[in-house]
Amino acid sequence: MFAFYRTPQERAFAKNFKLAQSGDAEASLALAQAYAQGNGTKKNIDQALEWYQQASAHGLAQAAWELSQIYTRGEDVPADAEAALSYLQLAAQDDYAPAQYELGNLYLQGKQLPLHLGQALYWYARAAQNGSS
């Protein structure tokens, strides 16, 4: 296909692919999202997981959060509560507010984690400090 026939999404995908291969964490996250959504490329959950894991390994908390959500939902992969919780905790520890808020919810509900009001308040406070409303 000629480059000038590519959609903007396909051009962004190609650019992010090159950058991600050279170790760019933000590009790895963008590539994972593109694969997960089929944006600029064919949807491929296995590739999405691989690039989310790479971005997470480079310290991007949002990538760990995205992995937690994928394993929680269990739509494109089998649900895995243990993996979901592990990635959620990683994202929360790296100050990702949505993960901190959700972790607070889990402690408050006492479902995946033991009921612990102190931990719930701790994570809610950290989420608020990081911009969660």
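**Rings, core and surface**

Tutor: Tyr71 and Tyr87 are both buried. Keep in mind that this is a predicted model.

Student: How many aromatic pairs does a search of the whole structure find?

Tutor: The search finds 7 aromatic pairs. Tyr71 and Tyr87 form a stacked one, 6.2 Å centre to centre with 5° between the planes.

Student: Which helices do Tyr71 and Tyr87 lie in?

Tutor: Tyr71 lies in helix α4 (residues 61–73) and Tyr87 in helix α5 (residues 81–93), so the pair ties together parts 16 residues apart in sequence.

Student: And Tyr122 with Trp123, stacked or edge-to-face?

Tutor: Edge-to-face. The centres of Tyr122 and Trp123 are 5.0 Å apart, with 80° between the planes.

Student: Is Trp123 buried or exposed?

Tutor: Trp123 is buried, because its relative accessibility is 7% and the cut-off for buried is under 20%. Tyr122 is partly exposed, at 39% relative accessible area.

Student: Which residues do ring pairs link into a cluster?

Tutor: Phe13, Phe17, Tyr35 and Trp51.

Student: OK, the core. Which residues have the most contacts inside the largest nonpolar core?

Tutor: Leu49, Tyr52, Tyr71, Leu88 and Leu103. That core has 39 residues.

Student: Which element gives the most to it?

Tutor: Helix α2 does, with 8 residues. The elements giving two or more residues include α1 (8–21), α3 (45–57) and α6 (97–109).

Student: What does Leu49 touch, not counting residues up to four places away in sequence?

Tutor: Leu67, Ile70, Tyr71 and Val77.

Student: What is Ala34 in contact with, leaving aside neighbours within four places in sequence?

Tutor: Phe13, Asn39 and Thr41. Also, the C-alpha atoms of Ala34 and Gln9 are separated by 8.6 Å, and these residues are 25 apart along the chain.

Student: Where does Leu117 lie?

Tutor: Leu117 lies in helix α7 (residues 117–129). Leu117 is exposed, with a relative accessible area of 53%.

Technical notes: Residues are numbered from 1 along each chain as its sequence is written. This is a predicted model: local features need pLDDT of at least 70, side-chain atom pairs count only at pLDDT 80 or more; totals for chains, interfaces and linings use all residues. Side-chain values use heavy atoms; hydrogens and water are left out. Helices (H or I, at least four residues) and strands (E, at least two) are DSSP runs, numbered from the N terminus. Buried means under 20% relative accessible area, exposed over 50%, partly exposed in between (1.4 Å probe, protein chains only). Rings of Phe, Tyr and Trp (its six-membered ring) pair if their centres lie within 6.5 Å; planes under 30 degrees apart count as stacked, over 60 as edge-to-face and the rest as tilted. A nonpolar core is a set of buried Ala, Val, Leu, Ile, Met, Phe, Trp, Tyr and Cys residues joined through side-chain atoms within 4.5 Å. Contact means heavy atoms within 4.5 Å.
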